[in-house]
Amino acid sequence: MLELKAEPLTAEAFAPFGDVIDARASEWFPINAGRTRRYHDLARVETLGEEARTLISIFVSQPVAIPLDLDFLERHRLGSQAFMPLHEERFVVVVAPPGDEIDPAEVRAFVTDGRQGVNYRAGTWHAIQSVLEREGEFLVVDRGGEGSNCDEHPLALRVTL
Ligand SMILES: NC(=O)N[C@@H](O)C(=O)O
Ligand code: NI
């Protein structure tokens with residue numbers, strides 16, 4: 001079994017897998033007569049294939065136990081998938097680069113700080129949502145449409161913090 005200690009999430013480390021959504025680390029410009037700061041275009045939404053469209057959903061997830069034992073990663077080849085916590089929930093992120101096989105040496109585990117969201121690039125292998133400590137509520141932006149958009153790849157993995 002592959003064992004990984006989750007590292008603090010940074011945009012640089014996550015760059016091969018997608019985007020980190022974090023207003024604190026982003027540029028903004030004023031709108032609404034200066035009443036609002038617009039943190040603009042923080043992540044790239046991808047929607048590919050037949051009848052592709054963008055979905056906005058809410059996920060309410062029960063917390064995972066740590067160590068977190070996983071037996072697969074999944075990917076969405078037809079679109080990106082973004083998770084943004086609505087109440088500063090921390091969560092575990094496990095990713096591997098796009099490709100038909102997963103090289104265990106390329107699997108990375110991260111833990112967010114509560115203010116960060118992630119946007120998985122289309123095809124990035126990832127663990128299903130894994131919120132820590134308490135029930136979590138997330139805004140999710142991903143792809144709807146025709147065709148199968150979720151592949152699973154077996155992988156035995158234990159994540160610690
Ligand atoms: N199945 C689903 O909508 N969620 C997963 O893709 C996930 O990454 O949590
Ligand atoms: Ni997913």
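Q: Which residue of β15 is the bridge partner of L4?

A: Strands (E, at least two residues) and helices (H or I, at least four) are DSSP runs, numbered from the N terminus, and two strands pair if DSSP finds at least two bridges between them. Here the bridge partner of L4 in β15 is V159, and the strands concerned, β1 (residues 2-5) and β15 (residues 151-160), pair in the parallel sense over four bridges. This is a predicted model, in which local features need pLDDT of at least 70 and side-chain atom pairs count only at pLDDT 80 or more, while totals for chains, interfaces and linings use all residues. Residues are numbered from 1 along each chain as its sequence is written, and chains are lettered from A and ligands numbered from 1 in the order in which they are written.

Q: In which sense does strand β7 run relative to β15, parallel or antiparallel?

A: Strand β7 (residues 68-75) and β15 run antiparallel and are joined by seven bridges; F72, for instance, stands opposite P154 in β15.

Q: How many bridges hold β6 and β14 as a pair?

A: β6 and β14 pair over nine bridges, and in this pairing I58 has L139 of β14 as its bridge partner. β8 and β14 pair over five bridges, with V141 of β14 as the bridge partner of A82, whereas strand β8 (residues 81-85) and strand β11 (residues 117-120) pair over three bridges, Q81 standing opposite Y120 in β11.

Q: Why is V94 called buried?

A: A residue is buried if 20 or more other C-beta atoms lie within 10 Å of its own, exposed if 12 or fewer, and partly exposed in between, with C-beta atoms placed from the backbone. V94, which has its place in strand β9 (residues 91-96), is buried because 22 other C-beta atoms lie within 10 Å. By contrast, A13, found in helix α1 (residues 11-14), is partly exposed, because 14 other C-beta atoms lie within 10 Å.

Q: Which residues have the most contacts inside the largest nonpolar core?

A: In soluble globular proteins, nonpolar side chains tend to be buried together. A nonpolar core is a set of buried Ala, Val, Leu, Ile, Met, Phe, Trp, Tyr and Cys residues joined through C-beta atoms within 7 Å. The largest one here has 30 residues, and those with the most contacts inside it are V92, V93, V94, F110, V118 and V159. Its largest share, six residues, comes from β9.
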